[in-house]
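Please open the model in your viewer and keep the selection panel at hand.

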Amino acid sequence: MSLIKNNIIIRDSWNHLDDDTPLSAEGKVIVSLKRWQSERKLLMERQEPLGIRLKSAEGAEMISDDLAHFDLIALEFPIFKDGRSYSTARMLRERYHYKGELRAVGEVLRDQLQFMLRCGFDAFEYAGKTIPEEAISAFVEMDKFYQTVGDWGRT
Amino acid sequence: MYVYNLVDQSLVNQRVQQFRDQVRRRLSGELNEEEFKPLRLMNGLYLQLHAYMLRVAIPYGTLSSKQMRALAHIAVRYDKGYGHFTTRQNLQFNWPKLKETPDILADLADVQMHAFQTSGNCIRNVTADQYAGVAVEEIADPRITAEVVRQWSTLHPEFSFLPRKFKIAVTGSKRDRAAVRVHDIGLIIKINEAGEMGYEVIVGGGLGRTPIVGVTIREFLPQQCLLSYLESILRIYNQIGRRDNIYKARIKIVIHELGAKEFTRRVEKEWKTIRDTAIDLPVGEYERIRAFFAPLPYQSLPKNDAGFSHLKFENQDFSHWVRGNTLPHRQSGYSIANISLKPIGGIPGDASAKQMEVVADLAEKFSFGEIRVAHEQNLVLPHVKQTDLYSIWNTLKEHNLATPNLGLISDIIACPGMDYCSLATARSIPLAQDISNRFSNLRRQNDIGELSVNISGCINACGHHHVGHIGLLGVDRKGEEYYQVTIGGSADENASIGEIIGPAIPYDEVVDAIERVVETYVDLRAKNESFIDAYRRVGKQPFKENLYVTN
Amino acid sequence: METKVISANRLEDGIVVYITKDNNWSECISDAEVFNDEAACDEALSKAYTAEEACIVVGSYLVEIEQKGVYYNPTKYREFIRVIGPTVRPDLARQARS
Ligand code: SF4
């Protein structure tokens with residue numbers, strides 16, 4: 001798995017934390033919604049950046065009051081055909097004005113990247129088979145669109 | 001007609017390039033079939049029984065002569081010289097080669113056409129009344145709305161991976177020719193008391209395994225709010241539509257499970273939060289699009305031309321065709337000429353490249369270069385002078401395009417069925433041919449009057465069997481072709497789903513059975529009572545009794 | 001076991017093909033290798049999957065056939081139509097059959 005951000009491959013400084021892996025004092029971690037709900041206090045006391053991971057059935061409104069606590073939100077695509085996270089992404093950006101990293105995780109394939117980008121994702125855990133450098137070209141295959149989406153202050 | 005600007009054109013061109021690269025990656029093995037399938041489907045390319053099939057989008061059924069010629073050219077150059085017009089106003093090529101598909105799409109792009117979203121779990125090619133802009137009783141032209149919806153839905157980043165496919169239809173007439181009540185969303189253009197334009201919004205209609213007539217969730221939506229309202233509906237559907245069971249994934253099931261009231265409440269709530277964002281088009285954009293559909297430079301002509309009346313008087317065949325296949329036009333002295341793609345015993349909806357060229361020529365000469373495709377799988381020359389009808393008819397006749405059977409029993413809707421389609425459980429076309437042959441006598445057809453026979457080769461209902469006055473659904477009974485008969489369906493403003501009237505019958509007995517149903521109607525009808533009206537009056541019992549009589 | 005052949009569609013043009021004795025693909029069912037036992041079937045299927053990976057064909061599967069005179073015909077009507085082409089377009093028929 002490679003992480004694509006701003007059209008380049010970067011080293012991932014975040015850790016996805018399983019629900020039963022103990023929380024250490026240090027390191028940037030991404031936790032599940034469930035863990036956030038049950039260990040909220042503990043997580044807020046940590047001095048490290050925090051990320052949250054939503055399953056495709058977990059909508060933006062479940063965390064809309066808590067956005068200030070997150071530096072990263074990861075939205076899952078359990079299979080590429082499950083398009084719910086596209087809606088979640090747009091709502092986070094456009095309705096709740098979330099400005100931090102919005103990361104696509106799960107079955108994140110080359111030919112979906114551009115749709116994701118346009119919905120407001122800015123980081124991609126690329127799961128395709130081809131080299132990620134090649135997948136980046138998907139972002140520039142098209143530059144003309146009809147919809148005014150993803151209007152969330154990207155420059 | 002709408003003409004692409006630079007944005008439209010480069011979007012389509014870029015998409016062709018993108019698909020060319022995807023095909024290259026597939027042929028080189030970089031993509032396997034599982035990965036490639038959704039990509040090809042998003043460009044209208046299926047793999048059917050005998051070969052690939054390319055479904056070309058004909059947005060809201062509007063074509064120019066130039067576009068029709070391009071389709072004819074593609075049929076000859078890349079295919080086997082013909083194409084099939086579908087119930088979604090599209091055109092299918094049955095034999096394209098994968099490696100040539102990018103070239104076909106490039107040829108289409110040259111004439112401002114594409115195959116976007118004619119497949120896949122996305123918003124499909126939008127359909128509309130084939131008489132848009134010309135029907136006498138029309139309130140407003142649905143093509144402006146349809147073009148707005150086409151653009152908005154094309155490569156929509158949020159709604160390209162919906163739970164299931166999503167179909168939108170628009171009409172601007174009281175008389176519904178676009179079957180809006182059996183679409184995922186149906187829009188009926190209305191003018192309110194203040195004289196403003198808007199829409200009645202109908203949601204959750206559909207055919208397939210669970211046929212159902214849609215429900216109105218809003219009586220009047222102001223026109224400028226259209227896109228934000230559509231986004232609200234689609235967003236709710238995208239989030240809560242079922243993804244665990246393909247047969248329960250359409251929006252109609254959401255509405256069934258939530259109830260129309262709760263569904264409406266959620267849509268309205270969502271809409272409140274997005275209606276004032278940038279989603280809706282500025283008025284100027286509607287006006288820009290509207291300008292493309294401005295009235296054409298018609299001549300002012302008398303309502304009735306003496307020469308034309310004389311020709312009708314002189315030539316009975318011509319007069320039959322005029323009576324059967326043409327309709328009055330908004331503009332005095334003009335007509336709407338329907339071109340039947342249902343010759344007696346022919347394949348419903350099929351047109352040869354030569355026929356496409358003939359229609360393109362006629363349109364160029366006599367109809368401002370415009371052609372329409374009707375969801376009944378016929379073509380239309382929308383604006384022809386009465387005085388030109390005779391020469392049009394003569395040309396059509398030469399090419400087997402002048403059967404005067406519009407709306408009659410031989411004007412059968414049939415999906416490709418098992419002759420082409422990999423999902424089929426039985427054939428549709430040969431049955432349509434047999435029925436057409438049985439009722440070949442036009443005098444008899446006219447005596448029977450308006451009667452639609454719709455045939456589908458499987459439960460997917462591409463042949464709209466549920467909404468045929470008589471519907472036939474092909475099923476497989478231990479390897480034999482059987483057909484389930486429904487009666488009383490209708491796709492118009494009084495939409496209804498046909499009732500199954502008993503066990504399915506084998507192929508060889510279907511035509512006789514249909515004949516008995518028709519005879520039952522002829523025997524019991526009141527004066528001037530159509531089949532569907534008679535059925536609604538007497539119910540299914542008399543038909544049922546006679547359907548299963550064996551001799 | 002019923003008598004079977006293996007069919008697929010050719011990747012580049014989608015045309016119906018059958019696996020042959022010399023491990024090729026033919027448009028004619030009369031060239032097809034006929035299988036009567038499971039083991040041979042499985043072996044041939046795995047060859048077919050290799051051909052899929054090699055981008056020669058897509059969607060290979062077993063087709064049940066029966067002998068009719070000198071011909072082998074598929075038992076299922078759908079498969080029969082795949083052999084002969086659309087029944088409504090005899091002019092496009094692939095192969096003359098009994
Ligand atoms: S109704 Fe069934 S058989 Fe007919 S075209 Fe649709 S999927 Fe194919």
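The stops that follow go from the chains as a set, through their interfaces, to a pair of domains.

**Before you start**

This is a predicted model, in which local features need pLDDT of at least 70 and side-chain atom pairs count only at pLDDT 80 or more, while totals for chains, interfaces and linings use all residues. Residues are numbered from 1 along each chain as its sequence is written, chains are lettered from A and ligands numbered from 1 in the order in which they are written, and side-chain values use heavy atoms, with hydrogens and water left out.

**Stop 1: the chains together**

Colour the model by chain. Two pairs of chains touch, and of these chains A and B have the most contacts, a contact being heavy atoms within 4.5 Å. Chain A and chain C, by contrast, do not touch, and 15 Å lies between their nearest C-alpha atoms. Over all chains, a search of the whole structure finds 68 salt bridges, each defined as a side-chain nitrogen of Lys or Arg within 4 Å of a carboxyl oxygen of Asp or Glu.

**Stop 2: chain B against chain A**

Select chains A and B, where 39 residues of chain B are in contact with 29 residues of chain A. The size of an interface is often given as the accessible area lost when the parts come together. Here the buried area (accessible area, found with a 1.4 Å probe, that two parts lose on being put together, summed over both) is about 3100 Å², and carbon and sulfur atoms give 54% of it. On the side of chain B, select B:Gln14, B:Pro157 and B:Phe161, which supply 23% of the area that chain B buries against chain A, more than any other three residues.

Between chain B and chain A there are seven salt bridges, together with 19 residue pairs in polar contact, both residues being at pLDDT 80 or more. A polar contact is a pair of N or O atoms within 3.5 Å; within protein, one must be able to donate a hydrogen and the other to accept it, and residues adjacent in sequence count only if both atoms are side-chain atoms. At least two residues of the side of chain B that touches chain A come from each of H1, helix H2 (33-41), helix H5 (142-153), helix H6 (226-240) and helix H8 (260-274) of chain B. The largest share of that side, ten residues, comes from H1(B).

Now zoom in on B:Asp21 and A:Arg110, whose side chains meet in a salt bridge (3.8 Å, N to O). This pair crosses between chains, with B:Asp21 in helix H1 (residues 6-27) of chain B and A:Arg110 in the loop between strand E7 (101-106) and helix H4 (113-119) of chain A.

**Stop 3: chain C by itself**

Hide the other chains and keep chain C, which has two helices and five strands and follows the pattern β-β-β-α-β-β-α along its sequence. Its radius of gyration, taken over C-alpha atoms, is 13 Å, close to the 13 Å that the globule rule (2.2 Å times the number of residues to the power 0.38) gives for 98 residues, so chain C is as compact as a globular protein of that length. Along its principal axes, the C-alpha trace of chain C spans about 35 × 30 × 20 Å.

**Stop 4: chain C against chain B**

Bring chain B back, and look at where 20 residues of chain C are in contact with 29 residues of chain B. Together these chains bury about 2100 Å², 63% of it on carbon and sulfur atoms. Within chain C, the residues that lose the most area to chain B are C:Glu12, C:Arg78 and C:Val88, together 26% of what that side buries.

Which residue forms a salt bridge with B:Lys99? The partner is C:Glu12, and the closest N and O atoms are 2.9 Å apart. The count between chain C and chain B is one salt bridge, and the interface also holds eight residue pairs in polar contact, both at pLDDT 80 or more. Strand E1 (4-10) and helix H2 (77-84) of chain C are the elements that give two or more residues to the side touching chain B, and H2(C) gives the largest share, four residues.

**Stop 5: two domains of chain B**

Finally, colour chain B by domain: domain 1 (6-110), domain 2 (134-291), domain 3 (306-398) and domain 4 (413-547), with bounds that come from an automatic or database domain assignment. Select domain 2 and domain 4 of chain B, whose centres, taken over C-alpha atoms, are separated by 30 Å. Twelve residues of domain 2 of chain B are in contact with 13 residues of domain 4 of chain B, and the two domains bury about 1100 Å² between them, 65% of it on carbon and sulfur atoms. End at B:Glu493 and B:Arg175, which form a salt bridge with the closest N and O atoms 3.7 Å apart.
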